[in-house]
Amino acid sequence: MQRTFIYNILLGICLCASSVFCCSCNSYLDREIDSYINKNMTFSSYERTNQYLVSIYAIIPDGLDRMGSGGMFDAATDDAEQALETSNVQKFNTGSWNAVSNPDDMWNRLYSGIRMANEFLENADGVNLDTYKNDPSNQTEYQNRLKDIRIWKAEAQFLRAYFYFELLKRYGPVPIITTPLSINGDYGNTERPSMEECVDFISKDCDEAASILEITPWRDNTALGHATKGAALALKSRLLLYAASPLYQDWTNTSEESLPSNIAKWTEAAAAAKAVIDLGQYSLTPFYTDLFTNNFQSSEFIFMKRYSANTSLESYNFPISFGGQGGTNPSQNLVDAYEMNDGTTFSWDNASQAANPYKDRDARLNATVIVNGSQWKQNTVDIWTGGKDGAYTTNATKTGYYLKKFSNESVNILTGGGALGHTWPIFRLAEIYLNYAEALNESAPGNPDIAEYVNNVRARADQPDLPEGLTQEQMRERIRRERRIELAFEEHRAWDVRRWKIASSTLGTVLRGVNITKEGDVAVRYLPYTVEQRTFLPKMYWYPIPQSELLKLPSWKQNPGW
């Protein structure tokens with residue numbers, strides 16, 4: 001049996017439909033109208049059932065071009081700015097979004113995935129395997145195909161859990177639908193579940209999927225990219241980490257003065273992360289840079305989304321003198337967060353550091369950000385004012401930095417030569433280490449595992465161990481900084497600062513860049529400056545429920561403040 005990788009364009013399948021079985025993208029309340037004959041044709045066929053599962057994977061949100069026109073979601077945080085002024089992501093930064101106009105409104109897309117997963121779970125057992133069942137010489141293949149179907153159903157259950165989690169982190173508690181909706185059903189009186197009910201449902205789906213999925217891809221490596229036991233457990237780890245965080249403890253109270261903590265929930269989150277670690281299946285890739293150059297077979301990846309060979313990401317993000325369009329520009333706020341390579345913090349008040357701000361820094365800075373003077377494609381990147389990649393040039397960076405992470409340096413944008421695939425990490429081991437450390441610090445401060453697992457992540461970048469004797473609060477800040485650095489541009493920052501309830505001082509802060517001037521032929525002067533003042537209001541801790549959905553749910557109230 002052959003299975004494909006999960007590409008952003010899977011077999012030419014529409015994001016909201018399989019090639020043989022269409023489903024509406026309008027809303028979860030729009031009924032399934034496909035005929036029984038079409039369903040029977042789809043789910044009686046082993047091949048078409050497999051293909052339908054692949055089409056559910058296609059619903060997974062994009063990471064490398066989430067906002068369109070090369071816009072990455074981290075440009076809606078204090079980590080970056082989007083060079084394209086008309087990008088939708090800018091609505092988050094100016095506060096000009098609402099229940100009618102939300103650049104990241106994923107409600108319909110994710111519920112389409114949930115509907116398809118429910119359809120799959122209800123019908124996949126209908127695959128006709130009589131040809132193998134009735135042939136004594138094909139009994140091994142018959143058993144293998146029965147197992148395929150069990151595995152596929154577990155994958156669909158994992159995907160349903162993943163889609164529900166993606167809804168939960170955006171909108172708060174959402175309707176839990178576990179069956180395809182009847183065309184004659186009345187769903188207008190659907191009650192809004194509690195946060196705990198939603199978390200418990202997703203957690204149960206993860207557990208049930210993990211009990212069937214295997215540690216490695218079933219059959220052979222052509223299934224790389226499909227969910228495994230580790231993926232289901234990693235989703236549970238992230239879910240319970242979020243559920244233990246202050247925002248989720250009293251989700252309607254968005255006051256940053258209210259920081260409830262439940263040790264039992266943190267303990268559960270720590271155990272969930274440790275369960276992934278204890279699988280013994282994953283290990284940190286030796287070099288951080290190797291993770292983001294299409295290294296989809298890395299032992300660190302637990303679950304990822306694969307993209308076919310193309311030059312789109314490079315076209316958007318390369319420095320402009322190399323054919324790029326500016327793309328996603330890392331901020332000075334982020335660059336300042338990278339430590340010196342001796343573990344001390346960088347400071348503009350230190351004259352030596354300010355004069356040469358990229359010298360002797362955490363190696364992950366050079367792996368993530370293109371700075372002035374970086375070597376790129378055997379040439380120097382000149383971001384000083386008047387330089388070939390500097391400010392006031394068409395499409396140039398707005399912050400004094402270009403994004404390096406995920407780009408394939410070998411690409412020739414003009415000819416399309418050197419095009420490679422890209423890998424979007426959804427879950428990887430370094431995150432699980434940091435999940436474990438964070439949850440353990442909140443539930444059992446002082447536990448030696450906390451420093452051990454943070455130091456494991458730091459060691460790969462040749463950063464020294466954390467100082468001994470840190471208080472719980474000091475360790476909390478170090479873990480948060482480590483998450484920001486290690487997981488930069490992987491869509492963690494926006495949700496981390498929300499769940500910690502520190503968004504007003506991060507998402508609502510002054511976004512800074514650096515002005516670089518050349519003095520003579522060699523000397524360069526670096527001066528941080530304000531790119532823009534960002535806007536964040538308490539209501540923005542949660543997305544507004546789409547207005548079109550509230551019209552169908554008369555008993556529901558809009559999320560607080562919207």
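The largest pocket holds about 430 Å³ of space. A pocket here is an open set of points on a 1 Å grid over the protein atoms alone, where a 1.4 Å probe fits, with protein on both sides within 12 Å along at least five of seven lines. Its volume is the space filled by probe spheres set on the points, which are joined across faces, edges and corners. Of the 24 lining residues, T393, N395, A396, T397 and K398 are the closest to the centre; lining means having an atom within 4 Å of a point.

This is a predicted model: local features need pLDDT of at least 70, side-chain atom pairs count only at pLDDT 80 or more, and totals for chains, interfaces and linings use all residues. Residues are numbered from 1 along each chain as its sequence is written, and side-chain values use heavy atoms, with hydrogens and water left out.

Now the salt bridges. The count is 42, taking a side-chain nitrogen of Lys or Arg within 4 Å of a carboxyl oxygen of Asp or Glu. E119 and K39 form one, at 3.6 Å from N to O. E119 is buried, with a relative accessible area of 0%; buried means under 20%, exposed over 50%, and partly exposed in between, with a 1.4 Å probe and protein chains only.

K274 pairs with D278, their closest N and O atoms being 2.8 Å apart, and K274 is partly exposed at 23%. For E532 and R534 the corresponding distance is 2.5 Å, and both residues are buried.

Finally, there is a network of salt bridges, whose members include E300, R364, R460 and E490.
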